[in-house]
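This report describes helix packing and a chain interface. The sequence and the structure are shown first.

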Amino acid sequence: MFGRGLKSLSLASAALVTGAFALVFFYAPLDADQGFIQKIFYLHVPLAIVALCGFVAGGIYGIRYLRTGDRAHDLRSYVAIHQSLIFGVGVLVTGSIWAKASWGHWWVWDEPTLVSFLIVFLLFACYQPLRFSIEDPERQARYAAVFAIVGGAFVPLNFTAVRMAEALTHPRTFDSTSNLPGPMALTFLVAMAGIAALFVTLCKYELAAKHATMRLKALKRRLSGEPAALPLTQRARSAAPQEV
Amino acid sequence: MRAAVAAVVRKDLRQELRTLESIPAMALFALSTFVVFHFGLDRDALDGDLAAGVLWVTLLFATVLGMNRLFVAEREQGGFDAFLLAPVDRTAMLVAKALVLFAFLAAVELVAVPAYAILLLGPGAGQALPGLLAVLLLANAGLAVVGTLVGALAVQTRARDLIVPLIALPLSIPLLIAAVEATAPLLQAGGAEPLPGRWLTILGLYDVVFGLLAYAVFDFLLED
């Protein structure tokens, strides 16, 4: 169900990521100000954008789940948020390294984007504790969807508030990426596409794996002669959203 | 819907008056936190940013206590079932619980804010009162809405006491930022400065956004 086109997608994202790193190291010019360390920008910023989009996508799938009641949307919402959390760890680590190299501290509070990202990350880190402390699978999916929607809507609100709080004292030094010189912009776009493709591929893999596990469980149950539709409580303890 | 909201609010306030489960605990917690801050910071009087920060962090944590208990009685004593059986709009529960939490917060602040002024603020803090009231009103509304949403999300989980603060704290950071920025000039050592309108606007915006959001998703938390 979720495995279609997985092979070509994996190859495409592997090619894109490799190409992006080749461009980063051999094509993009060194930054006049920051030198070599600036190259972490091509990893950090795409990771952050993709992770935020993943959180919002989790919220959108949450809306679709609540509207349709289709468990596949719940599964997608879960996987999008799960993968975004993993990417989020990458964002915080690369951001920290960049901050240490260019400002001399592992963490700076006057970089509003990084601070907002931390807050969003901390919020979504509660997604799994919330989800897995609800026993009933149907209620679990519904509550998780509500949380995902609230979190997804919180992302832009939080960024506005934090940026406004910082803008008073610290004008932004490193602004948008639209004023990058040509080769840097090209490299950035390729890196962006590579990370986005990687995200979609990983999501698809997780979806396919979860789906296969569920099918396997259902088949095993059929084999052992249990009725096909088990009472929901029996499946509540698995560490993954369940599909009916 | 108005009748349903009034009935739930009346029931909750009467229950609180008889059992005294939430308000005294929240107020006592706020007072203890002021004392903890006095020793933790080793300061006799606070002003400006620091005073605003201590006040809002304390009120936020006290609110979390209230959020924890907001829906417990409904769940344990069948209030949810009775409410779902009644032919009323489910939004009535959201509105009623938000009003109740707002009332709890107002009651707590009636004790906590004067106590704060006596314990930790310098003389002349009284002139900050009109501005502070405006900030308290807007921030309470936001905390009440977020608290109702988080309380309803967490009440069906096994680890309720853990989930509520974990979700509520990141969600209320924009509110905390705006409230602290709006309160800081009021509590300056040299006397209150004018209230910054832009932070009040942000507080109002936060209230509206979360109000709409809660209105949109709350029904799904009651469906059973």
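The model is predicted.

**Interface with chain A**

On chain B, 23 residues are in contact with 24 residues of chain A. Four helices of chain B, H7 (129-154), H8 (160-171), H9 (173-183) and H10 (197-222), each supply at least two residues of the side of chain B that touches chain A. The most comes from H10(B), with six residues. Sorted by class, this side of chain B holds 18 nonpolar, two polar and three charged residues.

| Pair | Axis distance | Angle |
|---|---|---|
| H7(B) and H8(B) | within 9 Å | roughly 145 degrees |
| H7(B) and H9(B) | 10 Å | about 175 degrees |

H7(B) passes H8(B) in a right-handed crossing. From H7(B), the contact takes in Val146(B), Gly147(B), Val150(B), Gly151(B), Leu153(B) and Ala154(B), and from H8(B), Arg160(B), Ile163(B), Val164(B), Ile167(B), Ala168(B) and Leu171(B). By class, the contact of H7(B) with H8(B) comprises nine nonpolar residues, two polar and one charged.

With axes at about 175 degrees, H7(B) and H9(B) are therefore roughly antiparallel to each other. Leu132(B), Val135(B), Ala139(B), Gly142(B) and Leu143(B) of H7(B) make this contact with Leu175(B), Ala179(B), Ala182(B) and Thr183(B) of H9(B). The contact of H7(B) with H9(B) has seven nonpolar and two polar residues, and no charged ones.

Terms used. Residues are numbered from 1 along each chain as its sequence is written. Chains are lettered from A and ligands numbered from 1 in the order in which they are written. This is a predicted model: local features need pLDDT of at least 70, side-chain atom pairs count only at pLDDT 80 or more; totals for chains, interfaces and linings use all residues. Two residues are in contact if their C-beta atoms, placed from the backbone, lie within 7 Å. Ala, Val, Leu, Ile, Met, Phe, Trp, Tyr, Cys and Pro count as nonpolar, Asp, Glu, Lys and Arg as charged, and the others, Gly among them, as polar. Axes are lines fitted to C-alpha atoms, for helices over the stretch in contact, and angles run from 0 to 180 degrees between N-to-C directions. A crossing is left-handed if the near helix is turned anticlockwise from the far one by less than a right angle, and right-handed if clockwise. Angles under 35 degrees count as roughly parallel, over 145 as roughly antiparallel, 65 to 115 as roughly perpendicular and the rest as oblique.
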